[in-house]
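Dear colleague,

Please find below the structure that I am handing over to you.

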Amino acid sequence: MTKIILVTGPARSGKSEWAETLAADSGKQVIYVATGLVDEADLEWVRRLEQHRNRRPVNWKTLEVPIELPKVVRAGQPSDCLLIDSLGTWTANLLEQEAAVWATTQQDLLASLKSTAADVIFVGEETGWGVVPAYPAGRLFRDRLGTLVRHIGAIADTVYLATGGYALNLSALGTPLPPAAKN
């Protein structure tokens with residue numbers, strides 16, 4: 001049976017490391033799905049990507065998928081564990097989509113989770129814990145990512161919050177919210 005896991009939390013909280021631990025413990029072939037666009041001119045970004053790459057076991061397959069995430073999820077096999085890092089980067093890559101197109105894209109990703117044969121582990125950032133962004137693009141990003149993380153959390157088998165050096169199993173500790181509006 002396919003499992004969906006969401007690991008969420010703030011920046012530098014250990015989300016990716018916890019998701020990597022869960023993937024390694026899955027007993028399946030791990031396919032690391034990197035959503036970041038590589039920009040060789042951005043040396044700080046390149047260093048971050050290298051940090052992630054260096055932590056991964058050499059037997060993990062890596063796919064760079066900045067846009068077509070639903071297609072990769074649908075193609076997952078029962079022997080696969082897809083580790084998708086991250087929803088925030090994927091959302092940022094698609095931020096210029098009009099609202100109706102984004103709604104369709106988001107629904108396509110959610111639908112792909114219902115048809116995949118693979119286990120799927122998402123890393124999703126929590127961006128709404130700070131001040132309201134001063135710029136429209138920042139507010140749009142925060143709202144789209146927050147809604148997407150909530151929708152995935154609602155269908156995930158397990159949701160973890162990584163913060164303060166701990167991973168908390170919110171599925172065991174919390175009470176699910178009523179379903180969010182599909183926007």
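Does W18 count as buried, partly exposed or exposed? W18 counts as partly exposed, because its relative accessibility is 29%. Please note that the model is a predicted one.

The count of aromatic pairs comes to two. W18 belongs to one of them: together with Y160 it forms an edge-to-face pair, with 5.5 Å from centre to centre and 75° between the planes. This pair links distant parts of the chain, as W18 lies in helix α1 (residues 15–24) and Y160 in strand β6 (residues 158–163), 142 residues apart. Y160 has a relative accessibility of 14% and therefore counts as buried, since the limit for that class is under 20%.

W90 and W102 also form an aromatic pair, and this one is tilted, with a centre-to-centre distance of 5.7 Å and an angle of 50° between the planes. Helix α4 (residues 87–93) holds W90 and helix α5 (residues 99–115) holds W102, so the pair ties together parts that are 12 residues apart in sequence. W90 is buried, its relative accessible area being 0%. W102 counts as buried as well, because its relative accessibility is 4%.

There is also a contact between a charge and a ring to report. R56 lies over the face of Y32, at 3.7 Å from the ring centre.

With kind regards

Methods: Residues are numbered from 1 along each chain as its sequence is written. This is a predicted model: local features need pLDDT of at least 70, side-chain atom pairs count only at pLDDT 80 or more; totals for chains, interfaces and linings use all residues. Side-chain values use heavy atoms; hydrogens and water are left out. Rings of Phe, Tyr and Trp (its six-membered ring) pair if their centres lie within 6.5 Å; planes under 30 degrees apart count as stacked, over 60 as edge-to-face and the rest as tilted. Helices (H or I, at least four residues) and strands (E, at least two) are DSSP runs, numbered from the N terminus. Buried means under 20% relative accessible area, exposed over 50%, partly exposed in between (1.4 Å probe, protein chains only). A charge sits over a ring if NZ of Lys or CZ of Arg is within 6 Å of the ring centre and within 35 degrees of the ring normal.
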